[in-house]
Amino acid sequence: MKLPYYSQEPNTLAEVFETDLDQGLNLREARLRLEQHGANKLHEAQKDSAWTIFMRQFNDFITIVLMVTTAISALLGEVVDSVAILAIIVLNAGLGFIQEYRAEKSLDALKQLTAPIAKVIRGGRQVQVDAEELVPGDIIILEAGDRVPADARLFRAAALYANEAMLTGESLPVAKKAEAVQAENVPVGDQRNMVFMGTLITRGRGAGLVVATGMDTEIGKIAGLIQESVVTETPLQHRLKRLGAWLVIACLIVVTGVFIAGVLRGFPIYRMFFTGVSLAVAAIPEGLPAVVTIALAIGVQRMIRCNAIIRQLPAVETLGCATVICADKTGTLTQNRMKVQWYWIDGKDLDVRDSSRLRQLVAAEPHLELALEIGALCGSVQVHAEGSNVGLSGDPTEIALVEAAYSAGLDKARLEAEYPVLRELPFDSERKRMSVVLRHDDQLLVYAKGAPGVILERSTRILTSRGPKPLSNSVKSQILAAVEEYAAQALRILGLAYRQVPSVTVTEETLENGLIFVGFVGMMDPPRMEVKRAIRQAKQGGIRTIMVTGDHKLTAQAIADQLELSWEGRARVMTGGEWEMLSSFEKQDAVRKVDVFARVAPHHKLSIVRALQQNGEVVGMTGDGVNDAPAVKEADIGISMGISGTDVTKEASDMILADDNYQTIIAAIREGRAIYDNIRKFIRYLLGCNVGEVLTMFVATLAGLPLPLIPIQILWMNLVTDGLPAIALGVDPSEEDIMERKPRNARESIFARRLHLKIGFSGVLISICTLAVFVLALKHNPEDIVKARTLAFTTLVMAQLIFVFECRSEYHSIFEIGIFSNTYLVAAVTISSLMHVLVVYHPWLQNVFGTTALNVDEWLLVLGFAGATLVIDTAISIAKRQIKRHFSWLRLRK
């Protein structure tokens, strides 16, 4: 069995790759391997042309129906209707093209992470070559600040550290070494003798043997995963397709029935054909895509004000039915910066999580100031003064120590002037400590920091309130017990010590022996303050949050418990290695119970998302690093970080959090639910009106009555009622209690929760009221068919404009939510009413639309019957609420 690269010795690997660790490859061999393996770059998936992408937007079923409807409207001579429908088609196609075209940029952003230049040994000489020219077997040289150009097995490492957060999610730079790792199935984050393409060297020097280039690298595998991820339809798109097909079939059946009934009753075939076509135009909801698009676009604008940027419009609705959010720990749930939490000084635990208390603590605990000085001076943090602001660069752990010193009023630049550094012994993974020699007045001091056990071993005394005292074994045991308590809280711990020395030139052993132990400091990447509240709100809305991180199990557990991530006590944790050992069925079971996945690789994240989806969950995946991109793209709703996120993840995501704030997700979920509610409101309104129109014509034809409406009246009514009022309904504000509901089932029908019954009932009621007015008018004056049609026409229009207010809520009456709480709707209904009044009273329009003027008594008749739908619906809602309250009271009594 072939051993992994990290388990093999460098000399053995050199033989496998037929190279020399000192001389590297010769130029001829490098050229041959370049031809064999190809350029060291990420390949792109086959892309469709811009024209193909654009034309694909017209393959949607509803779009095809709209195009046919446009042709029919044009044949009827309805230019306004045709132009409106055509504008809707072009608008939707343009938006779809832009979204799909932008989505193809993921790999372009990923390629920008690869290093353009690499330092390589060729023929015994160090030269610089384009990173694309690297081949397996090349020897590369790495220094601080370099971006690793290919995956390589280190054979030389001097205090070498690499930031692998983009691959593993680990927030701290990782110490690298050359020794083989003798273990199986070691995760990427624990392969300490390997460096990976696209990661950043933060400290030290090293040399490595290139073992993989291009798509064979870890980042290349991620690119492959992105290409393999399947883009699925959102629930909204799926529901609209089904709705469109259902409506067309239903309309064709009913319209055909009207046509046959009219012909059998003796109406001219030509006239009935145009009546049937007009009914079809009115019944097919050409306003549906427009209102959905506008509702989504308005929702997007609202989200932007909440710092959520939507890249894919339908994702707004998908977010509204999310049941699980998979969140990366570093930078998403935490602040992505190390911060000092506690100091242990002379047996006391000093809480410094509130940095504003540090000055007071220094006054109360004099030795704390020394601990702060050691942390600030024993390190390599660079200070950049920009006016009154101070910028820090360097190792995140050391930056945290310097920030703590600044909070206590200790300026690093002033300390360096007072304590000039004469010598430095750098930190490395073998020594596990760092020391500096400083001059203060006439004294030479050694300040040291490192692993607590290492510092304790080299300390002979401990600093107490009465000065330095001998460090006994019992005291050491007490200190180590305290260290273990800190470690159990997932704190990164550093011991602090000092001593005086007679000379700068003493040996390393002398410098770092006989130390005086000052104490130790515990630090961590703390949770975001607002995340705990956001998770609580998510729970209230029936949404699980799962932490998925490359960090250590203990650290992830501590953060999860601080955030109260679990619904039941302590968070349940599983590592990537444990996950990998599970079968497909066991994975599906595990994701139901596990709250935290730690030490995971990119393909683990992807499989976690897929396991959740197989359980029927609608998954939101948050992420910022390249390692998150495949899972972000695969998730039902991919959420990337705007500040700390990489371009790759942003391009793969559906939504970007501009403030990296987890709370923003909750606001987006609220808006997503409101958008879906608004779409259901619109469908209820649109189809209720259409049912009323079609039934009015159908029943009148079957009953042997004259046709209540002529074709142009049907088309006009369709334009007036399906236009502004429907659009205004689509932007209705969300209801107050919307986040107290559980997520809806993503697979539920658009007519779920008895929406179809509400539509049918309202449509029948509108039809009955319209026909009642029509029959009364004919009975009063059988000869004046124009007056009767005008009354029926006006009753139908006004009933629909009143009905739009009923549709504003499925849970509350219009009087509870307020008629004027949606001013856009009030304005739209007013404009539509005035347009209809113009058609009724303007002489030229009377000739076009076949109407006549109405008097006050006739208007009272119209409004009385039109308003009956609102009165009856409100009475039924009140009765249902009273019955429900009564049964609840009876259950409580029992």
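**Figure 1. Strand E4 and its antiparallel partners in the predicted model.** In this predicted model, strand E4, spanning residues 151–163, pairs with strand E7, residues 200–212, in the antiparallel sense over 10 bridges. Within this pairing, Leu154 has Gly208 of E7 as its bridge partner. E4 also pairs with strand E6 (residues 194–195), again in the antiparallel sense, over 2 bridges.

**Figure 2. The open sheet of 8 strands.** The strand order is E8-E26-E25-E24-E9-E21-E23-E22, and the pairing is mixed. Strands E8 (308–310) and E22 (573–575) form the edges; each has a single partner strand, so one side of each is left without a neighbour in the sheet. On average, and with direction ignored, neighbouring strands of this sheet are turned by 20° against each other. Strands of a sheet pair through backbone hydrogen bonds, either parallel or antiparallel. The parallel sense is seen between strand E24 (residues 619–623) and strand E25 (residues 637–641), which pair over 4 bridges. In this pair, Gly620 stands opposite Ile637 of E25.

**Figure 3. Helix H28 on the sheet.** Helix H28, made up of residues 662–702, packs on the sheet. The strands touched by H28 are E8, E9 (324–327), E21 (544–548), E24, E25 and E26 (655–657). The direction of H28 makes about 155° with that of E9.

**Figure 4. The crossing of helices H28 and H31.** Two packed helices are described by the angle between their axes and the distance between the axes. The axes of H28 and helix H31 (residues 755–780) come within 7 Å and cross at roughly 40°. The two helices are therefore oblique to each other, and their crossing is right-handed. On the side of H28, the contact is made by Arg680, Ile683, Arg684, Leu687, Gly688, Val691, Gly692, Leu695, Thr696, Val699 and Ala700. H31 contributes Leu755, Lys758, Ile759, Gly763, Val764, Ile766, Ser767, Thr770 and Leu771. The residues of this contact divide into 11 nonpolar, 6 polar and 3 charged.

**Figure 5. The crossing of helices H28 and H32.** H28 also meets helix H32 (residues 785–806), with axes that come within 10 Å and cross at roughly 155°. H28 and H32 are therefore roughly antiparallel to each other. The crossing is right-handed. From H28, the residues in contact are Arg684, Tyr685, Gly688, Cys689, Gly692, Glu693 and Thr696. They meet Leu796, Gln800, Leu801, Phe803, Val804 and Glu806 of H32. By class, the residues of the contact between H28 and H32 comprise 6 nonpolar, 4 polar and 3 charged. Arg684, Gly688, Gly692 and Thr696 of H28 take part in this contact and are also among the H28 residues that contact H31.

**Figure 6. The two ends of helix H2.** Helix H2 covers residues 27–37. At its start, a side-chain oxygen of Asn26 reaches to within 3.3 Å of the backbone nitrogen of Arg28. Following H2 is Gly38, which has a positive phi near 85°.

**Figure 7. The hairpin of strands E10 and E11.** Strand E10 (residues 339–345) and strand E11 (residues 348–351) run antiparallel and are joined by 4 bridges. Opposite Trp342 stands Asp351 of E11. The hairpin has 2 residues between the strands. Asp346 in this hairpin takes a positive phi near 50°.

Conventions
Residues are numbered from 1 along each chain as its sequence is written. This is a predicted model: local features need pLDDT of at least 70, side-chain atom pairs count only at pLDDT 80 or more; totals for chains, interfaces and linings use all residues. Side-chain values use heavy atoms; hydrogens and water are left out. Two strands pair if DSSP finds at least two bridges between them. Axes are lines fitted to C-alpha atoms, for helices over the stretch in contact, and angles run from 0 to 180 degrees between N-to-C directions. Contact means heavy atoms within 4.5 Å. Angles under 35 degrees count as roughly parallel, over 145 as roughly antiparallel, 65 to 115 as roughly perpendicular and the rest as oblique. A crossing is left-handed if the near helix is turned anticlockwise from the far one by less than a right angle, and right-handed if clockwise. Ala, Val, Leu, Ile, Met, Phe, Trp, Tyr, Cys and Pro count as nonpolar, Asp, Glu, Lys and Arg as charged, and the others, Gly among them, as polar. A polar contact is a pair of N or O atoms within 3.5 Å; within protein, one must be able to donate a hydrogen and the other to accept it, and residues adjacent in sequence count only if both atoms are side-chain atoms.
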